[in-house]
Amino acid sequence: MDIQFVGLPSDKVAQVRATGRDDYGLAVEVDTSNGDAWPCRHCLGETPHGEAYLTLAWKPFQGTNAYTETGPLFLCASGCEAAKPSSAVPAILRSDQYLVRGYTGDERILYGTGRVVATAGIADYAKSLLENPEIAFVDIRSAANNCYQCRVVRA
Ligand SMILES: [Zn+2]
């Protein structure tokens, strides 16, 4: 089975940029990249030095239930190109480890799947989770801060 890492959907990203409102209805914060890591979850790249980026609350789910966490992430402020789905671990995953967790088709955590995984092992672990037909997708979050990074799906 092949897997793909995917970024955030362009239609909703465009909506946030156009309205300036996040998933809490708050105004998105706009700052200029100082060259540090401001990983955009749409292009799965870093917002370049001197370019504007957004900080906002995002709910990376279609519906709303007790498991559909909403939390902070960064986006390029201008119209970056969506990342092409890829079998390669996105370059923005530069930390040593991440929280990797499987969700069911009704967007609930499948208990027992959440694990902090060394970055080099993320693809193998995500693949093993997606071999379970109960799991619809796998989310990658930062191990230290729980920020949503990207999703892994069956190719
Ligand atoms: Zn971007």
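Biologist: In this predicted model, what makes S2 and strand S3 a pair?

Modeller: Pairing requires that DSSP find at least two bridges between two strands. Among the residues involved, Thr-32 has Ala-52 in S3 as its bridge partner.

Biologist: Why are strand S2 and strand S4 called edge strands?

Modeller: The sheet is open, with 3 strands in the order S2-S3-S4 and antiparallel pairing. Strand S2 (29–32) and strand S4 (71–76) each pair on one side only, and this is what places them at the edges. From one strand to the next, the twist averages 30°.

Biologist: How do you know that helix H1 packs on the sheet, and which strands does helix H1 touch?

Modeller: Contact means heavy atoms within 4.5 Å. Helix H1 (residues 10–19) touches S3 and S4, and is therefore said to pack on the sheet. The direction of helix H1 makes about 110° with that of S3.

Biologist: Why does the radius of gyration of the protein agree with that of a compact globule?

Modeller: For 155 residues, a compact globule would have a radius of gyration near 15 Å; the protein has 15 Å, so the two agree. Along the principal axes, the C-alpha atoms fill a box of roughly 40 × 30 × 25 Å.

Methods:
Residues are numbered from 1 along each chain as its sequence is written. This is a predicted model: local features need pLDDT of at least 70, side-chain atom pairs count only at pLDDT 80 or more; totals for chains, interfaces and linings use all residues. Side-chain values use heavy atoms; hydrogens and water are left out. Helices (H or I, at least four residues) and strands (E, at least two) are DSSP runs, numbered from the N terminus. Axes are lines fitted to C-alpha atoms, for helices over the stretch in contact, and angles run from 0 to 180 degrees between N-to-C directions. The radius of gyration is taken over C-alpha atoms; the globule rule is 2.2 Å times the number of residues to the power 0.38.
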